[in-house]
Amino acid sequence: MSESASTTSESRRIAEEARARVRFEEEALELSEQVYRVARRLAGSRDDAEDLVQQTYERAFRSWRQYTPGTNLRAWLLRILTNLNIDRGRRQQRTPQTTSIDEAGDYFLYNKLEASTQDGNADSDRVLERLSQDSIVDALAEVPHDFRDVIVLVDIGEFSYADAAQILDIPIGTVMSRLHRGRRILKKNLADKAVAA
Amino acid sequence: MSECEKCEEMMQPFLDGALSTDEVAEAERHLERCSWCAKRYRFEERLRHYVRVAVSEPMSPELKEKLAALRTPLT
């Protein structure tokens with residue numbers, strides 16, 4: 001290959017890479033609202049969530065070549081974010097991890113709320129209206145983090161079990177068991193708050 | 001295990017879309033017959049939506065700007 005042909009092919013390669021990079025950054029930025037929504041519930045505060053999202057995008061933009069085009073970019077970004085969150089030591093540990101978890105059945109919340117309505121036979125929306133937005137936010141924040149991470153990814157982030165397993169680097173069976181237990185803990189917390197309200 | 005107990009066990013994977021076609025059909029057959037379980041399924045479905053909406057907080061415009069500023073400048 002002549003020198004000028006090789007220079008042309010090198011410039012073409014550089015131009016293609018620049019386009020791929022721009023495309024990657026645009027696609028990643030389009031997902032930022034969704035990434036923030038998950039981050040906000042993984043982190044203890046709004047400031048922590050904002051730092052976490054900013055660091056995630058800094059790292060993602062630096063290591064964009066590691067992303068395989070066509071794969072789930074949102075899951076890739078969340079993988080970076082959860083790793084950063086763990087590296088930060090999850091600063092605020094709101095709930096001791098050693099607490100024994102009072103397991104209640106899946107229908108615990110419904111049964112409890114229904115029992116406390118006057119006619120004992122309310123529809124779902126009327127029962128749910130007894131939970132304030134703040135009480136829901138607090139009830140979720142009080143779920144121990146291993147369980148909360150899975151609930152946030154699957155129920156808030158709407159990730160599949162498989163994506164959540166990949167993001168958290170845990171087996172899919174662990175995702176399912178933590179989800180099962182975590183949702184029960186969440187409902188127990190909600191029931192306590194609804195009754196306390 | 002009673003049919004209602006089995007139905008309770010299937011509820012979370014049912015709502016996650018993680019059951020097989022046969023299991024979905026089995027759960028739906030029971031829900032058609034059993035208003036006690038049907039009411040609880042409806043509640044759980046609504047609860048998930050309610051929680052998702054309640055804990056969703058929009059990103060601040062400042063953060064959005066900061067993220068946009070991280071982009072590689074076009075040369």
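Is the crossing of H1(B) and H3(B) left-handed or right-handed? The tour below reaches the answer at its second stop.

**Before starting**

This is a predicted model, in which local features need pLDDT of at least 70 and side-chain atom pairs count only at pLDDT 80 or more, while totals for chains, interfaces and linings use all residues. Residues are numbered from 1 along each chain as its sequence is written, and chains are lettered from A and ligands numbered from 1 in the order in which they are written.

**Stop 1: chain A as a whole**

Select chain A, which has 10 helices and zero strands. Helices (H or I, at least four residues) and strands (E, at least two) are DSSP runs, numbered from the N terminus. Of the 197 residues of chain A, 35% count as buried; a residue is buried if 20 or more other C-beta atoms, placed from the backbone, lie within 10 Å of its own, exposed if 12 or fewer, and partly exposed in between.

Next, colour chain A by pLDDT, the predictor's confidence in each residue, from 0 to 100. The average in chain A is 85, and 85% of the residues score at least 70. Confidence is highest in H3(A), at a mean of 96, and lowest in H6(A), at 73. Over residues 91-99 of chain A, the pLDDT is below 50. Where pLDDT is low, the predicted coordinates should not be read in detail.

**Stop 2: two helices of chain B**

Select helix H1 (residues 3-15) and helix H3 (residues 35-55) of chain B, which pack at an angle of about 25 degrees with their axes 11 Å apart. Axes are lines fitted to C-alpha atoms, for helices over the stretch in contact, and angles run from 0 to 180 degrees between N-to-C directions. H1(B) and H3(B) are therefore roughly parallel to each other; angles under 35 degrees count as roughly parallel, over 145 as roughly antiparallel, 65 to 115 as roughly perpendicular and the rest as oblique.

The crossing of H1(B) and H3(B) is right-handed: a crossing is right-handed if the near helix is turned clockwise from the far one by less than a right angle, and left-handed if anticlockwise. Show the side chains of this contact, including Cys4(B) and Met11(B) of H1(B) and Trp36(B) and Tyr41(B) of H3(B).

**Stop 3: where the chains meet**

Now display both chains: 31 residues of chain A are in contact with 26 residues of chain B. Two residues are in contact if their C-beta atoms, placed from the backbone, lie within 7 Å. On the side of chain A that touches chain B, 14 residues are nonpolar, five polar and 12 charged. Ala, Val, Leu, Ile, Met, Phe, Trp, Tyr, Cys and Pro count as nonpolar, Asp, Glu, Lys and Arg as charged, and the others, Gly among them, as polar.

Select H3(A) and helix H4 (residues 61-69) of chain B, whose axes come within 10 Å and cross at roughly 15 degrees. Here Glu50(A), Val53(A), Gln54(A) and Tyr57(A) meet Leu63(B), Lys66(B) and Leu67(B).

**Stop 4: two loop residues of chain A**

Most residues other than glycine have a negative phi. Select Glu158(A), in the loop between H8 and helix H9 (161-168) of chain A; its phi is near 55 degrees, a positive value. With 13 C-beta neighbours inside 10 Å, Glu158(A) counts as partly exposed.

Finally, select Asp169(A), in the loop between H9 and H10 of chain A. Asp169(A) has a positive phi of about 55 degrees, and with 10 C-beta neighbours inside 10 Å it counts as exposed.
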